[in-house]
Amino acid sequence: MIVAVASGKGGVGKSTVAYNLAAALSAVVVDGDLGMANLPVDRGPTLHDVLAGRAAACEAVQPGPVTVLPCGRSLAGARAADVSQLSDALAAVEREHGTVVIDCPAGLRADVGVPLSVADAAVLVAAPEPFALADALRTRELARELDAPLAAVALNRVVDDPPTPTVRSTLGAPVEAVPADPRLGRSIEAEAPIVDVAPRSEPAAAVASLGGQVEQE
């Protein structure tokens with residue numbers, strides 16, 4: 001299964017949700033943002049190298065608390081990457097490792113369409129405020145056009161009562177409210193997914209529930 005994690009705009013914690021969702025699903029997370037990578041990277045080839053034909057996809061997969069196929073950070077690497085090769089790269093990782101979670105570029109940039117077009121399911125990450133619905137709706141429509149069924153919506157960094165019923169009725173998908181938690185916020189930098197460091201916490205339960213929605217899809 002290939003799961004695309006997308007958002008209507010940047011800054012909503014999409015990469016954090018993707019990283020932690022991959023941990024909950026025991027999946028490989030792929031950093032699909034060719035120009036603004038966020039996920040951990042170590043020595044070795046990256047997605048830039050894979051899409052430029054310099055490395056095989058599975059050769060670039062790096063083990064860790066969450067298994068990651070990272071993306072490079074250089075502008076030259078992004079320019080050399082052929083995004084049309086992403087579908088084949090994801091398929092190769094899926095064959096080798098099983099479930100793949102891809103952290104899509106933020107918003108509605110042109111390159112977000114490629115991971116959505118090959119995904120078996122999509123997860124939409126949004127801010128827990130009603131005004132965020134407009135951006136979320138546009139992303140949902142793009143996912144529909146590309147035949148990526150919406151498995152769930154993650155309302156991220158929830159502090160007060162989230163507008164869950166409104167979001168559910170508007171977007172037509174299950175909604176998981178992910179509470180704000182500093183451990184979740186630093187999970188990528190620390191390479192410490194919330195389901196490992198605080199498995200009984202509310203954020204871990206929300207991420208695990210989000211994973212359950214994806215598996216049902």
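A residue counts as buried under 20% relative accessible area, as exposed over 50%, and as partly exposed in between (1.4 Å probe, protein chains only). The model is predicted, so local features need pLDDT of at least 70 and side-chain atom pairs count only at pLDDT 80 or more, while totals for chains, interfaces and linings use all residues. Residues are numbered from 1 along each chain as its sequence is written, and side-chain values use heavy atoms, with hydrogens and water left out.

**Exercise 1.** Determine whether A4 is buried or exposed, and state which residues A4 touches.

*Solution.* Begin with the position: A4 lies in strand β1 (residues 2–7); strands (E, at least two residues) and helices (H or I, at least four) are DSSP runs numbered from the N terminus. The relative accessible area of A4 is 0%, so A4 is buried. Leaving aside residues up to four places away in sequence, A4 touches I102, C104, P115, L116, A119, A121, A122 and V123, where contact means heavy atoms within 4.5 Å.

**Exercise 2.** Identify the buried residues of helix α7 and the elements against which they pack.

*Solution.* The buried residues of α7 (residues 164–171) are T164, V167 and L171. They lie on the same side of α7 because they cover an arc of only 65° around the axis, taken from the directions from the helix axis to the C-beta atoms. On the other side of α7, P165 and S169 are exposed. The buried residues of α7 pack against β5 (121–126), α6 (133–145), β6 (150–158) and β7 (175–179).
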